[in-house]
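Hi, I'm handing this one over to you, with the notes I made while going through it. Could you have a look at the model before reading on?

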Amino acid sequence: MRLRYGTFSYLPDLTDDEIAAQVKYALEHGWPVSLEYTDDPHPRNVYWEMWGLPMFDLAEPDGVLAQLADCRATFPQHYIRLLAYDATLGRQSTAMSFLVHRPAHEPGFLLERVEGPDRTQRYSVKSYATARPTGDRYTGE
């Protein structure tokens with residue numbers, strides 16, 4: 001199963017040149033960029049681990065790509081996303097977010113249905129990856 005998450009999620013994975021073009025677009029609009037990673041990409045897991053600090057005052061995407069290379073080398077079996085923040089409205093909001101790295105094997109999710117009283121049905125989503133301990137979720141297989 002291929003995880004669809006953020007902008008460009010239905011396109012083929014972006015190359016480093018295409019990522020650089022998106023970072024350049026963000027920097028031209030004055031949006032600081034940051035990187036985050038996780039091994040639990042559950043749709044409701046919006047709090048990923050931040051890689052370093054947000055990158056302010058960059059003119060070229062080279063600094064972001066260097067940080068991305070370091071993050072990929074450190075966490076090769078994690079999801080990594082790039083975010084750009086816009087503070088023009090007086091508050092920080094996400095202007096752009098997309099995956100820049102994914103593990104080689106993506107186990108997917110289980111949709112569980114529980115029937116309740118009066119024919120009500122409730123659903124929950126569970127990641128197959130969370131059956132393994134943190135840090136070991138995407139190794140092997």
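**What I found in it**

Let me start on strand β6, which covers residues 121-127 and holds Val125 (helices here are DSSP runs of H or I with at least four residues, strands are runs of E with at least two, and both are numbered from the N terminus). Keep in mind that this is a predicted model, so local features need a pLDDT of at least 70 and side-chain atom pairs a pLDDT of 80 or more, while totals for chains, interfaces and linings use all residues. Residues are numbered from 1 along each chain as its sequence is written, and side-chain values use heavy atoms, with hydrogens and water left out.

Val125 is partly exposed at 35% relative accessible area (under 20% is buried, over 50% is exposed, and partly exposed is in between, with a 1.4 Å probe and protein chains only). Together with Leu111 and Tyr123, Val125 makes a nonpolar surface patch of about 310 Å². For a patch, residues need over 30% relative accessible area and no salt bridge; nonpolar side chains (Val, Leu, Ile, Met, Phe, Trp, Tyr) are joined within 5 Å, and like charges within 9 Å. The areas are Shrake-Rupley values with a 1.4 Å probe, and only the protein chains shown count as cover.

Leu111 sits in strand β5 and, with a relative accessible area of 57%, falls in the exposed class. From Leu111 to Tyr128 the C-alpha distance is 10 Å, and the two residues are 17 apart in sequence.

**The chain as a whole**

How many helices and strands are there in the protein chain? The answer is two helices and six strands, and in sequence order they run α-β-β-α-β-β-β-β. The C-alpha trace of the protein chain spans about 55 × 40 × 25 Å along its principal axes. The protein chain has 141 residues, and 38% of them count as buried.

One of the buried residues is Tyr79, at a relative accessible area of 2%. Tyr79 belongs to strand β3 (residues 79-86).

**Salt bridges**

I get a count of five salt bridges, where the rule is a side-chain nitrogen of Lys or Arg within 4 Å of a carboxyl oxygen of Asp or Glu. Three of them come with details below.

- Arg102 and Asp13 meet through their side chains at 3.4 Å, N to O. This pair links distant parts of the chain, 89 residues apart: Arg102 is in the loop between β4 and β5 (109-115), and Asp13 is in the segment before α1 (16-28). Arg102 counts as buried at 13% relative accessibility, whereas Asp13 is partly exposed at 46%.
- Asp16 and Arg72 pair up at 2.9 Å, N to O. Asp16 is in helix α1 and Arg72 is in helix α2 (residues 62-74), so this bridge ties together parts that are 56 residues apart in sequence. Asp16 is partly exposed, with 40% relative accessibility.
- Arg113 bridges to Glu115, and their closest N and O atoms are 3.3 Å apart. Arg113 is partly exposed at 48%, while Glu115 is exposed at 56%.

**The largest pocket**

Which residues are closest to the centre of the largest pocket? First, its volume: the largest pocket holds about 190 Å³ of space. A pocket here is an open set of points on a 1 Å grid over the protein atoms alone, where a 1.4 Å probe fits, with protein on both sides within 12 Å along at least five of seven lines; lining residues have an atom within 4 Å of a point. Points are joined across faces, edges and corners, and the volume is the space filled by probe spheres set on them.

There are 15 lining residues, and the closest to the centre are Asp13, Leu14, Leu99, Val100 and Arg102. Asp13 and Arg102 also form the 3.4 Å salt bridge mentioned above. Strand β4 (residues 93-101) gives the largest share of the lining, with four residues.

**Two backbone angles to look at**

Most residues other than glycine have a negative phi. Phe8 has a positive one, about 65°. Phe8 is placed in the segment before α1 and is partly exposed at 27%. Arg119 also has a positive phi, near 65°. Arg119 is in the loop between β5 and β6, and it is exposed, with a relative accessible area of 81%.

Over to you!
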